[in-house]
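Good morning, and thank you for making time for this presentation. I would ask you to keep the sequence and the model in view while I speak.

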Amino acid sequence: MKTKEPCRVAFPRFGNYHIPLEFLFTKGLGVEYITPPPSTKKTLEIGSKYSPDYVCSPFKFNLGNYIEAIEAGANTLVQTGGTCRLGYYGELHEQILKDLGYDVKFVNMSKANYRNPLTFYNEFKKVNPNLNLAKVSSALLTMLKMVECIDNVDDYVRQNVGFEVHDGEMEKIHEAYLEALKQVETKKDVIKTTKTYMKKLKDVKTKKPKKLIRVGIVGEYYTIMEPFSNHFIEKELAKKGIVIYRWMNVTNSILHYDGKEQKKVIKNYVKYYMGATSMSTVYKTLEWAKAGFDGIVHVKSFGCTPEIDAMPVLQKISADYKIPILYFSFDSQTSETGIQTRLEAFYDMIMMRKEKRK
Amino acid sequence: MKVGIPRAFLYYKYHYLWESFLEELGIEYVVSPYTNREIYQQGTIYAIDEACLSSKIYLGHVASLLGKCDYILVPRVFGFGEDGSVCTKFQAIYDVVNNTFRNQKIKILYYNINPKETANEFRSFLKMGKFLGKKKAQITRAYLIAKQNQKVNQLMDMKRQESLLEKDGMKILLVGHPYNVYDRYIGDPIIQYLKSLEVTPIIADLCDKKAAREASFQVSETLPWAFNRELVGAIEIYRKKIDGIILMSSFPCGPDSLVNEIILRRIKGIPILNLVLDGQDGSAGLETRLESFIDIIKIKRDEKDED
C-alpha cells in the first residue's frame with residue numbers, strides 16, 4: 001500500500017453495528033470508514049472459495065466482506081480477537097488476502113493484550129498515527145451508547161413486529177432510525193434520535209392475542225447476530241405471530257456481561273466455563289425454560305465447538321423443563337426449504353402443546 | 001476403589017503422569033481398550049452429530065468404561081497461560097461428559113488446570129488426591145514421583161525419535177494431535193502403512209515441547225493454541241531432516257481448520273499432504289493417497305540425485 005494514501009478502514013458486516021463502528025472510525029479516529037456491502041449469497045461464495053473447507057462460516061463471511069470492502073475502496077482492514085477460533089481469524093485472513101495479491105494494511109486486534117489497554121491504542125495508531133486520545137475516548141462513549149440504543153430498539157422490534165396490523169410498518173421505521181443514526185454527532189443526539197423513533201415504533205398499531213407464544217433464540221455470536229447468516233430466522237418466526245426474545249447482543253454480552261452470575265444460575269448443569277458463547281447459551285435457555293417459554297431456537301455455524309458442547313446441556317434442560325428446542329446449524333450449503341420445513345414443524349408442535357395445556 | 005481412564009484425548013499426553021500417580025497412591029485403575037469399531041460407534045451414538053471425530057472417540061471410551069470402575073477420570077483444562085490456550089473442547093469436556101452420561105449416573109474423577117485461578121497441576125492433583133482419600137504428604141510424594149516418571153519417559157521417547165532422524169531412508173513428519181496420530185482406529189493405520197512402504201514416520205508431538213513452542217513463533221505470531229504451537233514448532237525444528245509432511249486432522253477440528261491452512265501457505269519447499277480423518281470405513285482411498293504422496297517424494301529425490 002502506498003504509505004501516503006489516506007486510511008479507508010473496513011470491518012466485517014455484523015448486524016447493524018457497522019453504524020457505531022463508522023462513527024468511531026470517522027469521528028474518533030478521523031479516518032474514512034468503508035461499510036462493506038450487506039452480506040449476500042455472493043459474499044459467502046467469494047469467502048468460501050478462498051477459505052479452508054471446514055472452517056466455521058463466520059470466517060468465510062468475514063473474508064467475503066473484506067474482499068467486497070476492498071473492491072468498494074477500503075485499504076485498511078480490522079479484525080478482532082476472540083476466545084475461540086475467532087482469535088486466529090485475523091492472521092489467516094491477512095495471509096489469504098496477501099496471497100490473493102491484495103495490497104492492504106491489516107490491523108489485527110489479536111496482537112493486542114487485553115490486560116494492557118495500551119496495546120489496543122498501539123494497534124489503533126496503525127490506523128492513524130496522529131491519534132487524538134481525547135477525541136477517541138469521547139467518540140467511544142458515544143459509540144457505546146449507540147450500540148446500547150440499537151440493541152434496545154432491536155429488542156422492541158423483535159418482540160412486536162409479528163403483531164403489527166399493517167405489515168412492514170415497523171421495518172420501515174427501523175430502517176429510518178438506522179439512517180438517522182448515521183447523521184448524529186453527539187451522545188445527546190443518539191439518545192434524542194432513539195427516543196423519537198422509539199415513540200414512532202410504539203405508535204405502530206399492533207394486535208396481540210391474550211396468550212402469547214414466546215420463543216427465545218440462543219446460540220453462537222456471529223450467526224445469531226448477523227441475520228443473513230441465519231436466514232433471517234427471527235423474521236420468519238415473528239411472521240407466525242411469535243414474540244421473539246434474544247439476550248445475545250453486544251450490549252449484554254460485552255458491555256454488561258456478568259459471567260459470575262451466569263455461572264451461578266447454571267451451576268446444576270455446568271461446572272466450568274465451556275468456551276465463547278456457550279455459557280450464555282445455557283444460561284438463557286435455562287432462564288427461559290424456567291419462565292415457561294414455549295420453545296427455544298438454537299443457532300450456530302457448522303462445527304462451532306463451544307456451541308456443540310452446549311448442546312448436551314440444552315438437551316438435559318429440554319428434558320427437565322419439558323421445553324422443545326430446535327437446533328439449527330448453518331453452513332454455506334444450507335437449503336432454504338429445509339429451514340422452512342423445520343420451522344413449520346416446530347411451530348406446529350408448539351401450537352399443539354399449547355392446545356393440550358388448555 | 002477403581003478408576004477408569006479413557007484411552008483418548010489427553011491420555012496420550014499425560015498417561016505416564018496419571019498412571020504412575022495412581023500407582024503411587026495405591027489406587028487400582030483400568031485403561032479403556034484401544035479404539036475399535038465398537039468404541040467408535042458408541043461414540044457416534046452419544047456425541048452430537050457434528051462434534052469432531054476425536055471427541056466422538058473420547059465419548060466412546062467413556063461409555064466403554066461405564067460399569068467397569070467406580071470413577072472415570074475426566075480432566076479439564078482451561079489453558080496453559082503464557083504457553084497458550086486450548087481448544088474449547090478441553091475447557092468443556094468435563095461438563096459434556098457429565099451431561100451426556102447423566103442418565104447413566106456417571107461418577108467423574110477430575111482435576112482442573114487454570115493458571116488464571118492458580119489452579120496449577122500440582123494443586124489440582126493435591127485436590128484430586130484428597131478426593132481419593134489420601135493424605136497430603138502421600139499425594140505430594142506420589143505427584144513428584146509421577147512427574148519425574150513422566151519426564152524420564154517423555155525424554156526417552158524423544159531420544160528414541162532423534163535416533164530415527166539420523167537414519168537413512170525416507171522420513172515423513174506426522175503433524176497431528178497425539179490422540180489422532182496414535183489412535184489405533186484412525187491414526188495408527190497410517191503409521192503402519194507408512195512403515196510397510198519402508199518410510200520412517202517421525203511424530204511431531206514427540207519434539208521438545210518448549211523448544212517447539214518457541215520455534216512456532218517463526219511461523220505464526222498470534223496462534224492461540226499451545227498444542228498446535230507444539231506441532232507447528234516441530235515442523236520448524238525438524239524440517240531439514242525430513243522428506244515430507246503429513247498433516248493429520250480429525251473432521252472437523254476447529255484449531256486445525258485454520259492452522260493447517262497457515263502451514264500450507266507458509267511452509268514452502270517441502271511436500272505436504274493434508275489428511276482429514278473422518279472415521280469412515282475403507283482404507284483403500286487413504287492408502288492410494290499415501291502411496292502416491294510417497295511416490296512423488298521419491299521421484300523428486302531421484303531427480304535431485306541426478307543433478
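Let me begin with chain A. Its domain assignment lists domain 1 (8-131), domain 2 (140-207) and domain 3 (209-358). Please bear in mind throughout that this is a predicted model.

How far apart are the centres of domain 1 of chain A and domain 3 of chain A? Taken over C-alpha atoms, the separation is 28 Å. The two domains do touch: 16 residues of domain 1 of chain A are in contact with 18 residues of domain 3 of chain A. On the domain 1 side of that contact, α2 (41-50) and α3 (57-71) of chain A each supply at least two residues.

I turn now to a sheet in chain A. Four strands, paired in parallel, form an open sheet whose order is β6-β5-β7-β8. Which strands stand at its edges? They are β6 (242-246) and β8 (325-330) of chain A; each has a single partner strand, so one side of each is left without a neighbour in the sheet. From one strand to the next, the twist averages 25°.

Within this sheet, consider one pair of strands. Strand β5 (residues 213-219) of chain A runs parallel to strand β7 (residues 295-301) of chain A, and five bridges join them. In this pairing, Ile217(A) is found opposite Val297(A) in β7(A). Helix α14(A) packs on the sheet and touches β5, β7 and β8 of chain A. The direction of α14(A) makes about 165° with that of β8(A).

Between the two chains, the contact takes 35 residues from chain A and 31 residues from chain B. On the chain B side, the elements that give two or more residues are α4 (88-100) and α11 (254-266). Of these residues of chain B, nine come from α4(B), which is the largest share. The chain B side divides into 13 nonpolar, 10 polar and eight charged residues.

Finally, chain B itself. Here the domain assignment gives domain 1 (2-149) and domain 2 (167-306). Their C-alpha centres lie 27 Å apart. The contact between them draws 18 residues from domain 1 of chain B and 24 residues from domain 2 of chain B. On the domain 1 side, α1 (11-24) and α3 (53-65) of chain B are the elements that give two or more residues. Helix α3(B) gives the most, with three residues. That side of domain 1 of chain B comprises 11 nonpolar, five polar and two charged residues.

Thank you for your attention.

Definitions and conventions: Residues are numbered from 1 along each chain as its sequence is written. Chains are lettered from A and ligands numbered from 1 in the order in which they are written. This is a predicted model: local features need pLDDT of at least 70, side-chain atom pairs count only at pLDDT 80 or more; totals for chains, interfaces and linings use all residues. Two residues are in contact if their C-beta atoms, placed from the backbone, lie within 7 Å. Ala, Val, Leu, Ile, Met, Phe, Trp, Tyr, Cys and Pro count as nonpolar, Asp, Glu, Lys and Arg as charged, and the others, Gly among them, as polar. Domain bounds come from an automatic or database domain assignment. Two strands pair if DSSP finds at least two bridges between them. Axes are lines fitted to C-alpha atoms, for helices over the stretch in contact, and angles run from 0 to 180 degrees between N-to-C directions.
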